[in-house]
Every structure is written in structure tokens, then in C-alpha cells.
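Here are a few notes from my pass through the model, as numbered points. Have a look at the structure first.

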Amino acid sequence: MCVITGTAAAVIGTVLTIASTAAGVVGSIQKGNAEKAQYNYKAQVNKNNAIIANNNAATERQAGLEDSRLQRIKTLQRIGSQQAGMAAGNIDVTQGIALDTVEDTATMGELDALNIQYNAEKRALNYEQQADNFTNQANMDIIAGKNASKAGKINAVAIGLEGVGKAFTGLSGTEVPNKVSSWWNGQKLKFSNKNKIGMVDNGLKFV
């Protein structure tokens with residue numbers, strides 16, 4: 001019959017604690033990295049949306065300029081038709097009601113052209129506002145990703161420290177801590193002799 005001594009049981013418990021701690025540390029780091037990756041993906045999507053919005057703004061402005069130019073051409077054509085009609089009726093287009101009619105047509109035509117350009121500019125500004133919003137959100141996502149990664153690492157350290165504390169607490173009252181300490185001191189001595197480094201106080205002294 002196999003009998004497990006108190007020391008063996010403590011060692012087994014400590015091993016399990018260490019294994020659980022290691023899994024927790026790795027899991028916390030992976031979780032932080034996964035969240036960072038998600039935030040970075042969202043940031044890239046928002047950056048792309050900002051580019052699209054700015055392109056739309058430029059397109060609207062260009063369309064506004066072209067449409068207003070076509071409107072002015074239509075106005076000139078209308079004025080030309082008016083003048084031709086008046087001339088055919090032997091009306092002097094340089095004075096009186098005929099001149100007023102032509103000037104009114106020119107004024108209204110220009111107002112139409114300016115209104116077309118104004119509306120296009122409003123649409124462009126709306127797109128630029130969207131672009132700014134997307135850019136701001138992208139920056140916030142990047143910051144959130146960095147914070148998530150940092151939080152994962154901090155939590156991993158906390159889990160590690162807690163696990164180490166539990167591990168040594170489980171070994172208290174056994175000979176294992178002393179053996180571990182002796183083994184560690186032996187390793188330090190070998191390292192010191194091999195590299196000609198003398199151990200002093202709490203630091204390393206090169207000789």
C-alpha cells in the first residue's frame with residue numbers, strides 16, 4: 001500500500017498550485033493580447049472609414065464645382081435665347097425691360113450655381129466631420145488596446161505573485177523550502193565561480 005507523507009502531499013499540492021498559476025499567468029496575458037488585437041482591428045476599420053469619408057468629401061466638392069459650372073452654362077444659354085428672341089422682335093436688349101430681364105436671368109442663374117456649390121460644400125463638411133469622428137474613435141481604440149494589454153500583464157504578475165505565495169505557504173513546515181534555498185545558493189555559487197563574480201551583500205561585485 002502506498003502511503004503519501006505530509007511532505008509529499010505538500011509538494012504535490014504545490015506543484016498543482018504552480019501549474020494552475022502558470023496557466024493563469026499565460027491566460028491573462030493571452031486575454032490582454034486578444035483584446036488588444038480586437039481594438040487594433042476596430043481602429044483599422046475606423047481609419048479606413050475616415051479615409052473613405054474624406055474621399056467622399058473631396059468628391060462632393062468636385063461635383064459641386066462641376067454642377068455649378070454647368071448651371072452657369074445653362075444660364076448663359078438662357079440669356080442667349082432671350083436676347084435672340086428679343087432681337088428677332090426688334091427689341092433693344094441693352095436698355096429698358098429687355099435689359100432688366102436679361103440681368104434678372106443672369107442673377108438668378110448665378111444664385112442657382114452658388115446654391116449648388118453651397119449644398120455640395122455642406123455635404124463635404126458632413127463627410128469631413130464623419131472622418132474626424134472615425135479618426136478619434138480609432139485613436140481611442142488604439143489606447144484601449146494598449147491598456148488592455150497592459151492590464152493583462154499586470155494581472156498576470158498579480159496571479160504569479162499570489163501563486164508563489166500560496167506555493168510556499170503550502171510548503172511551510174516541511175524541509176522543502178530549506179532544500180530549495182540550499183539548491184539555489186549552490187547554483188549561485190557555481191555561477192559565481194564560473195564567471196568570476198563575487199557575491200556581496202545584496203548585489204553582484206565584479207572582480
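Which residues form a nonpolar patch on the surface?

1. M108, L111 and L114 do, with about 290 Å² of accessible area together. Areas here are Shrake-Rupley with a 1.4 Å probe, and only the protein chains shown count as cover for residues. Patch members have over 30% relative accessible area and no salt bridge; nonpolar side chains (Val, Leu, Ile, Met, Phe, Trp, Tyr) are joined within 5 Å, like charges within 9 Å.

2. Before going on: this is a predicted model, with local features needing pLDDT of at least 70 and side-chain atom pairs pLDDT 80 or more, while totals for chains, interfaces and linings use all residues. Residues are numbered from 1 along each chain as its sequence is written, and side-chain values use heavy atoms, leaving out hydrogens and water.

3. M108 sits in helix 2 (a DSSP run of H or I, at least four residues, numbered from the N terminus). M108 is partly exposed at 49% relative accessible area; buried is under 20%, exposed over 50%, partly exposed in between.

4. There's a positive patch too: K36, K146, K150 and K153. Lys and Arg count as positive, Asp and Glu as negative, with His and chain ends not counted; a charge is placed at NZ of Lys, CZ of Arg, CG of Asp or CD of Glu. Helix 2 gives the largest share, three residues. K150, also in helix 2, is exposed at 51%.

5. Do check D141, in helix 2 (residues 96–171). D141 is buried without a salt bridge, and K42, the nearest side chain of opposite charge, is 4.3 Å away. A salt bridge needs a Lys or Arg side-chain nitrogen within 4 Å of an Asp or Glu carboxyl oxygen. Leaving out residues up to four places away in sequence, D141 touches Y39, K42, A43 and N46 (heavy atoms within 4.5 Å).

Methods: Helix = DSSP H or I, 4+ residues; strand = E, 2+ residues; numbered from the N terminus. Buried < 20%, exposed > 50% of the residue type's maximum accessible area, 1.4 Å probe, protein only.
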